[in-house]
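Here is a short report on one protein model.

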Amino acid sequence: MSVPHEAKPRTTAVVLAGGTGQRVGLSIPKQLLKIAGKAVIEHTLTIFENAEDIDDVIVLMAPGFVPDVEKIVAKAGLSKVVKVIEGGSTRNETTERAIQALGEGLAEGEDRNVLFHDAVRPLLSQRVIKDCVDALERYQAVDVAIPSADTIIVTRTHGEDGEFITDVPDRSRLRRGQTPQAFKLSTIRKAYAVAAGDPNFQATDDCSVVLKYLPDVPIHVVAGDEYNMKVTQPVDVFITDKLFQLASTAAPRQADEAAYRELLSGRTLVVFGGSYGIGADIASLAESYGATVYALGRSTTGTHVENPEDIDDALSKAYAETGRVDYVINTAGVLRIGKLAETDNATIQEALNVNYLAPVQIARASYKYLVETKGQLLLYTSSSYTRGRAEYSLYSSTKAAMVNLTQALADEWAGEGIRVNCVNPERTATPMRTKAFGKEPEGSLLSSEAVARTSLDVLLSALTGHVIDVRQQDPTRDAVDASGFEQALASVLDRQEDVS
């Protein structure tokens, strides 16, 4: 029943991307649809690229679209992807092609682990991958599933009268299957070899092939995740995009102080809102690592972000003096609290000019500089962006706009290699917050230095189109999963009360 313990075999992830976009109303395969600034398949491949338990990756792509995936792989630097080949006309045929590719170059008697995963499940967690690989130390076949929250009914159609219930299975024993499905290569190969002798062979997943044709092989079940959803219907595109929007992505730290100095030395940062608070701390930190920083603010340099001419002048000066602009950061903002019906036009205009139009103008003016350096634009949102609160209508709505601006520009500028990200700090001790709320209990706020440190890590990362949460306990610093959905869920609940 179990596999004898021996040296860990090589583990290959097979990403099944043979589907089309018909059910979501697309003319291209749904795995090429862009969500959060990247094609769905790039999100999925990146997960396996970052998985310690995965040695290499093979992609089975819809016929005619192999070059599209090869371009994505090359541009993203996904070194674990060793083959991109055409899938078949059915799921069974696609798996058979994968099995054949996996067997090439194997010595006689050599085996390997293989994880079959749907390309259109881009929120797979590292925990599930690890659990699958660990389970293959004992079992030859592994499935991933979650309990069904819905009652499942069995129906039968009676002519024109429609469907009628014939059975209601016990929900406590029902599970919803996900991927990956993991196997010893020898096991899944044997199952398909036996199935080849059945003229009526047809299956929609690989565990069912083992179950039917190798009934003596137990299939272990690993607990899946609710958010490991499959992009199949139009609503799935919307939900997945929102999950990426809410997910707190971890910005990787550099190995040591020397690595920060190496990456920042000779680089030019332009920080709007750099007079105090988070912006000033970013400027100070970057300068300590050898960067040339232009920290701009109303009170120090007379730079008004609501004035497009000031923005242009600041960027052109930095470029003229250093010959480059690598990073543009905007932390400038105003917080005006009050009932909208009682807010005067001047206050409304100020909020729109500083919190929305200024970032738009900064982005527009920065483009020509960042395209030269393949640099990054970094914006800031607030913990209230997911749900507006009474008396914060102007602030919450403009901060929500920053998330959408980030994602739109990340997509729009992806071809030029410009990265765009958005930092979402928890309630932070800044002069702006103190002015709005007065002195608050010691230790109840995140420090602006912590936000600055995370911001620097984001700038030095390959991330684009992401919202990076910075919380007081800072779970993103140790997050295992790229999706960060657990933290996102907690954040959404906390945001009902928090405003940064």
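## Charged pairs

Glu-350 is partly exposed, because its relative accessible area is 25%. Here, buried means under 20% relative accessible area, exposed means over 50%, and partly exposed lies in between (1.4 Å probe, protein chains only). Arg-336 is also partly exposed, with a relative accessible area of 30%. The side chains of Glu-350 and Arg-336 meet in a salt bridge. A salt bridge is a side-chain nitrogen of Lys or Arg within 4 Å of a carboxyl oxygen of Asp or Glu. Glu-350 sits in helix H11 (residues 345-373), and Arg-336 in the loop between strand S14 (327-330) and H11, so the pair ties together parts that are 14 residues apart in sequence. Helices (H or I, at least four residues) and strands (E, at least two) are DSSP runs, numbered from the N terminus.

This is a predicted model: local features need pLDDT of at least 70, side-chain atom pairs count only at pLDDT 80 or more, and totals for chains, interfaces and linings use all residues. Residues are numbered from 1 along each chain as its sequence is written, and side-chain values use heavy atoms, with hydrogens and water left out.

The whole structure holds 16 salt bridges.

| Salt bridge | N to O distance |
|---|---|
| Glu-226 and Arg-176 | 3.7 Å |
| Asp-118 and Lys-230 | 4.0 Å |

Asp-118 and Lys-230 link distant parts of the chain, 112 residues apart. Asp-118 is in strand S6 (residues 113-118), and Lys-230 is in the loop between strand S11 (219-223) and helix H7 (234-246). Is Asp-118 buried or exposed? Asp-118 counts as buried, because its relative accessibility is 6%. Lys-230 is partly exposed at 33%. Salt bridges that share partners join Arg-91, Asp-118, Arg-121, Asp-206 and Lys-230 into one network.

## A nonpolar patch

Ile-153, Ile-165 and Val-168 form a nonpolar patch on the surface. Together they have about 270 Å² of accessible area. Ile-153 lies in the loop between strand S7 (141-147) and strand S8 (154-157). Its relative accessibility is 42%, so Ile-153 counts as partly exposed.

## Helix H14

Helix H14 covers residues 448-459. At 1.5 Å a residue, its twelve residues should span 16 Å. The end C-alpha atoms are 16 Å apart, which agrees. H14 is mostly covered, with nine of its twelve residues buried. Among them are Val-451, Ala-452, Leu-456 and Leu-459.

Conventions. Patches are made of residues with over 30% relative accessible area and no salt bridge: like charges are joined within 9 Å, nonpolar side chains (Val, Leu, Ile, Met, Phe, Trp, Tyr) within 5 Å. Accessible areas come from the Shrake-Rupley method with a 1.4 Å probe; for residues, only the protein chains shown count as cover. The expected span of a helix is 1.5 Å times one less than its number of residues.
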